[in-house]
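Please read the text alongside the sequence and the model.

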Amino acid sequence: MKRIEALKVLLKHRTDEPLIVSVGYQPSELNSLGHSDLNLYQVNFPYPSPLGLGLALAIPRQKVIVSDGDGSAVAGMSTQCTIANAAPPNLIHIVWDNESWMTCGKIRDGHLGPMPTPTAGRCDFEQLARGAGIEHAYTVWDERGFEDVLVRALRDDKPYVIVAKVDTSTPVAAPVPYGMTENAIRFRRALVDKGWVDPMHAGASTYKDVGFDFGAGGDKGGVEAIYRDLREVVPREPGNLSLDHARAIYEGVKAAGIDMFVYLPDSSNYLVQRFAAEDPAMLSVSVTREDEGMAIAMGGFMGGRTSCIMMEASGLGMSYLALAWLGIQQRMATLILTSHTDGLGEYTDYHVVTRYLAEPLLRGMGIPHHTLMDVSDAKRMLKYATMTVRGHVFPVVIQLPRQVLWHDPE
Ligand SMILES: Cc1ncc(C[n+]2csc(CCOP(=O)(O)OP(=O)(O)O)c2C)c(N)n1
Ligand SMILES: [Mg+2]
């Protein structure tokens, strides 16, 4: 089938589902059939599916559709595992499988010949999605088959993957008349106008909205119970992780109003993540890669959550594309908490990556970053950082050096 024809079927059934659209020629095809501000175009690969996941988790009563390329979807394969386990009932992931990196080679009036993706060979994306744990993964070859599964997916409360086999035709379609920044801002406004996101969530924050009460917020009871359980097993001995510091940091997270906690474990940030993972009041998402996690956290932020990702700083290196593309150009934000810094106390040679990379990378991208030197400042700085994220709509990093995560008495 032709993608342009299948897109018409999609638009026939789409009412007000936000559409996360991958990079390349697809946005022009979609736009040629009619623009909606609920279309977010040019989400670079492999981020359409994690961004869609974050948004779907943030607005659970609303279906979210990811309109992806096969190259993009294969590049983000591990996200299928994250989606399967998060099991959002409202996420539909359409993969336009033309078995090629089709956008590359396109010229004004034709194409120089598509270069094949893995699905042109032995790779089957439906099987990948099923293997990842997504039960409702289907391949469709014609418009009728596509329509059948799409209608079911829109009704059913399960995550769906629809692999739509399409040819490599590239109809002449005018480019989208918005830059990425303008499109993304209009998309966010469309979510607000729909009533799904509080207009005060981001960009319009005032001190009245966020508040300077550093002791406020958070479900202390829940945190106390987790603390008591962990106290049984965490030794209070020098050279171990500090459970008391972890509690202080997690209480700061809650007091800052953070209600979505994305994480990839590291030995230093482990205990803080245990608090988040075991806190029933927290929407926590365990991820497979830091850049995937950033896209999820930013999707959550777009959907009105006050999100953060906690990760080892070495994962920043693989996140520069997500940070620059989604964070800087598309103005999506989140708070990033990183363990390991270029400061003192990092004695292991395998953390050399962080020493060389983290700070220069953040500086190079102009991303505000702050090192929390003393855990007694955790609550204040987490709140300040969250206020900056929401006020400036920009990623902000808090770096956590050894002394704030470990129990190293003098
Ligand atoms: C990180 C990165 N590398 C390379 C590119 C160049 N690029 C733009 S579109 C595209 C093809 C994407 O293939 P697919 O997802 O299958 O979509 P299709 O072009 O077939 O519609 C590529 C490789 C890019 N945008 N980002
Ligand atoms: Mg393709």
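## Basis of the description

The model is predicted: local features need pLDDT of at least 70 and side-chain atom pairs count only at pLDDT 80 or more, whereas totals for chains, interfaces and linings use all residues. Residues are numbered from 1 along each chain as its sequence is written, while chains are lettered from A and ligands numbered from 1 in the order in which they are written.

## Helix H7

Helices (H or I, at least four residues) and strands (E, at least two) are DSSP runs, numbered from the N terminus. Helix H7 covers residues 143-155, and its 13 residues reach 18 Å from first C-alpha to last, close to the 18 Å expected at 1.5 Å a residue; the expected span is 1.5 Å times one less than the number of residues.

A residue is buried if 20 or more other C-beta atoms lie within 10 Å of its own, exposed if 12 or fewer, and partly exposed in between, with C-beta atoms placed from the backbone. In H7 the buried residues are Phe146, Val149, Leu150 and Ala153. Seen down the axis of H7, these buried residues fall within an arc of 105 degrees, so they line one face of the helix; the arc is that of the directions from the helix axis to the C-beta atoms. The face of H7 turned away from the buried side carries the exposed residues Arg144 and Arg155. The packing partners of the buried residues of H7 are helix H1 (3-13) and strands S4 (91-97), S7 (136-140) and S8 (160-165).

## Strand S4

Of the 7 residues of S4, 7 are buried, so the strand is largely enclosed by the rest of the structure. In a regular strand the side chains alternate between the two faces of the sheet. Both faces of S4 are covered, with Leu91, His93, Val95 and Asp97 buried on one side and Ile92, Ile94 and Trp96 buried on the other.

Two strands pair if DSSP finds at least two bridges between them. Strand S3 (residues 64-69) pairs with S4 in the parallel sense over 6 bridges, and Val64 stands opposite Leu91. S4 and S8 also pair in the parallel sense over 6 bridges, with Ile94 opposite Ile162.

## Strand S12

In strand S12 (residues 307-312), 6 of the 6 residues are buried, so S12 is largely enclosed by the rest of the structure. Strand S10 (residues 260-263) runs parallel to S12 and is joined to it by 4 bridges; Tyr263 has Met310 as its bridge partner. S12 is also joined by 5 bridges to strand S13 (residues 335-339), in parallel, and Met311 stands opposite Thr338.

## Helix H11

Helix H11 (residues 243-255) is mostly covered, with 11 of its 13 residues buried. Among the buried residues are Leu243, Ile249, Tyr250 and Val253, together with Arg247, Glu251 and Lys254. Gly257, which follows H11, has a positive phi near 85 degrees.

Ligand 1 is surrounded by 19 residues, of which the closest are Gly69, Gly71, Ser72, Met102 and Thr103; a residue is near a molecule if its C-beta atom, placed from the backbone, lies within 6 Å of it. Helix H4 (residues 70-75) supplies the largest share of this shell, 3 residues.

Trp325 lies in helix H14 (residues 320-329) and counts as partly exposed, with 19 C-beta neighbours inside 10 Å. The C-alpha atoms of Trp325 and Asn44 are separated by 7.3 Å, although the two residues are 281 apart along the chain.

Note on methods:
Two residues are in contact if their C-beta atoms, placed from the backbone, lie within 7 Å.
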